[in-house]
Amino acid sequence: MRTRILGARVIDPASGLDQVADLYLADGRIAAVGQAPAAFEAEQTLDARGLIAAPGLVDLSAALREPGYSRKGSIASETRAAAAGGVTSLCCPPLTKPVLDTPAVAELILDRAREAGHTKVFPVGALTRELAGEQLAELVALRDTGCIAFGNGLASFASSRHLRRALEYAATFDLTVVFHSQDAALAEGGLAHEGPMANFLGLAGIPETAETVALARDLLLVEQTGVRAHFSQLSSARGAQMIAEAQARGLPVTADVALYQLILTDEALADFSSLYHVQPPLRSRADRDGLREAVRKGTIQAIASHHQPHEPDAKLAPFGATEPGISSVELLLPLALSLVQEGVLDLPTLLARLTSGPARALRLPVGALAAGAPADLVLFDPEAATLAGERWLSKGRNCPFIGHVLPGAVRYTLLDGRISYQA
Amino acid sequence: MTPNDAKRPLQLNDQGQLRHFLSLDGLSRELLTEILDTADSFLEVGTRAVKKVPLLRGRTVCNVFFENSTRTRTTFEMAAQRLSADVITLNVSTSSTSKGETLFDTLRNLEAMAADMFVIRHADSGAAHFIAEHVCPDVAVINGGDGRHAHPTQGMLDMLTIRRHKGGFENLSVAIVGDILHSRVARSDMLALRTLGCPDIRVIGPKTLLPAGLEQYGVRVFHDLAEGLRDVDVVIMLRLQRERMQGGLLPSQGEFYRLYGLSTARLALARPDAIVMHPGPINRGVEIESAVADGTQSVILNQVTYGIAVRMAVLSMAMSGQTAQRQLNSESTSEEQI
């Protein structure tokens, strides 16, 4: 399929390009930006005047719930929802049943993702078997199957010695380890950020130190072992500061934040709505502002959805009895654009954190619009608006933004030059 | 950017009357005073030969207790009976781990049996809010204690006790002593005292039993009992659960008693006419010395008596507010049809 995209404002953070230009796609790749290649005959033309063309978004964490949790979502449903949010590549965490700790599970996920054809899927494998924090998973076999990094979710390790060994082993093969730094003992039983709101509601608190104490240990072990590390789901301003200090020391450390952590604070819990129950918890306004600043500066390279769809029953209970997580991948672009609307980030910076930043963090071969790159892109109207929830594709409707009018609207998502979503 | 910004307070009807009683947060001084005045008027019912008024005749009150409590459950039962309601009490096991299905389904079933009012006791903070919002919006829901969050009828019976013994709140110093962190009673008391105009609220305990963000309640924090009790008019002692030692919050009951237990000598630091309160059941020799618990300054048993009157007031007011709201809803529906 040869496609010509006419008149879009093309923003490619990877190359710094930001100009009105035509795009030419052929054989699933970008053939040219600007001038048509010789003898290019388009089979399809998209009139993109007034739209912005950017690399398809790269989401470093979206739970697809398959295998094992099909009542919450499927690879087909959640990648389709992701495409509607402008996503062309996503990484799925190993929190499946069975856990993504064998090549068989990785193959199943990759096969189903290919069959669905909505987005590229890059599995993150389990660092330890069954995420139990003791015995290493077969990391190299998993890498050879297609796992692009390895993590243990919020599950803790049997000891710091076990963690150290895992990092050393991963470093041997230049594998990237994804950390979700949280001290299990400090967070135990907690439901909300430890502060005035949790106290007022009588919800057990998770202190900021649950993140920073673990982060301090993890960073020291990264330094000792020399492993490539990506810190995911940062929730505190102090945590972001610690990442900046580590980067300044020259450690190979990247980080991401959940988009909702840049928008919401623990003040949202006031009515006990289980839609705001997330782990790590929504933190204070000062933490949110610190995270925003770290994203602006580039200490945090990636904004991820940390999409977690749930069936209705999972949220239909008193706050503490509900499962944590927000279904959000479907709104990734419009929700992110609310940060531009609010003046938190400029558009090219935002797009960098959603495309080239995450791609570089986990060394994914996507996230750029240069000639020869995969023709994964999103075309969106920055002047239009999206009524969140009007069309809902994710199986999980556990999203507190449903009913909100958000800025911008995805018109097309193209995957390997083919339209994978059209509004 | 939260969708709840413009939400009407869940526990008030369109005319600002109580329709559920979930927490003391957001309730005005006038409304709290109305509850106290109504409770005062009900105290007399308990002294009659026939201890009944017909306010809730023909109504069904369901006490649904997902957590054990003898005192609160019994006083709610007596309150409902004295208002002539039919009363059912259910002690429901919380052993199910089915993510709230027990709670949701139990309540839906009871709702289908046309109960008019639920009194809920639950171990999860926010359980009563959840039920009022998601399960029974048309049935009055009374919070009989939810997790660490709120115990609003206990808060109001404490206020009635203080008002009856001290005449008001404007010039008082009140100290709350012990495990503030895990106490729904303390949270409700702090809110009520502040709303009712108490100028000096003190909380006393070790840092392990004091939650973050106490400043929002407008209280003064003391770690030294003697210092905190100096010249107070009211001492509210809280119950200490034994498991606090296992959780590493305290070294031992003995050390807690030595530092924070209320003895006759310590009480002497307060004003001579200070009253001593406790939500019960008391741990003698852990929070409080027997001589104090049984002494002339103790009003612990009065609290129980006042508790019935306060619960009568809340049950009748919420039922009336819920009925008024239903009428308003049906009138607006019929206007729309016209």
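## Close-up views of a predicted two-chain model

**View 1. The open sheet of chain B.** Five strands of chain B form an open sheet with parallel pairing, in the order E7-E6-E5-E8-E9. Its edge strands are E7 (220-222) and E9 (275-277) of chain B, and each pairs on one side only. Neighbouring strands of the sheet are turned by 20 degrees against each other on average, direction ignored. Strands here are DSSP runs of E with at least two residues, helices are runs of H or I with at least four, and both are numbered from the N terminus. Two strands pair if DSSP finds at least two bridges between them. The model is predicted: local features need pLDDT of at least 70, side-chain atom pairs count only at pLDDT 80 or more, and totals for chains, interfaces and linings use all residues. Residues are numbered from 1 along each chain as its sequence is written, chains are lettered from A and ligands numbered from 1 in the order in which they are written, and side-chain values use heavy atoms, with hydrogens and water left out.

**View 2. One strand pair and a helix in chain B.** Strand E6 (residues 200-204) of chain B runs parallel to E7(B), joined by 3 bridges. B:Arg202 stands opposite B:Arg220 in E7(B). Helix H6 (residues 184-195) of chain B lies across E5 (173-177), E6 and E8 (234-237) of chain B. H6(B) runs at about 170 degrees to E5(B). Such angles run from 0 to 180 degrees between N-to-C directions, with axes fitted to C-alpha atoms, for helices over the stretch in contact. Contact means heavy atoms within 4.5 Å.

**View 3. Where chain B meets chain A.** In this interface, 31 residues of chain B are in contact with 27 residues of chain A. The two chains bury about 2,400 Å² between them, 62% of it on carbon and sulfur atoms. Buried area is the accessible area (1.4 Å probe) that two parts lose on being put together, summed over both. Helices H3 (101-112), H4 (127-135) and H6 of chain B each give two or more residues to the side of chain B that touches chain A. H4(B) gives the largest share, 5 residues. The residues on this side of chain B divide into 11 nonpolar, 11 polar and 9 charged. Nonpolar counts Ala, Val, Leu, Ile, Met, Phe, Trp, Tyr, Cys and Pro; charged counts Asp, Glu, Lys and Arg; the others, Gly among them, are polar.

**View 4. The open sheet of chain A.** Chain A has an open sheet of 8 strands with parallel pairing, in the order E6-E7-E8-E9-E10-E13-E14-E15. E6 (57-59) and E15 (302-304) of chain A stand at the edges with a single partner strand each, so one side of each is left without a neighbour in the sheet. The twist averages 25 degrees from one strand to the next. E13 (residues 228-231) of chain A runs parallel to E14(A), joined by 3 bridges. A:Phe231 stands opposite A:Ala255 in E14(A). Helix H7 (residues 209-225) of chain A lies across E10 (176-179), E13 and E14 of chain A, at about 160 degrees to E13(A).

**View 5. Loop details in chain A.** A cis peptide bond joins A:Lys97 and A:Pro98, with omega about 0 degrees. A:Pro98 is in the loop between strand E7 (87-92) and helix H2 (103-116) of chain A. Another cis peptide bond joins A:Gln279 and A:Pro280, with omega about -10 degrees.
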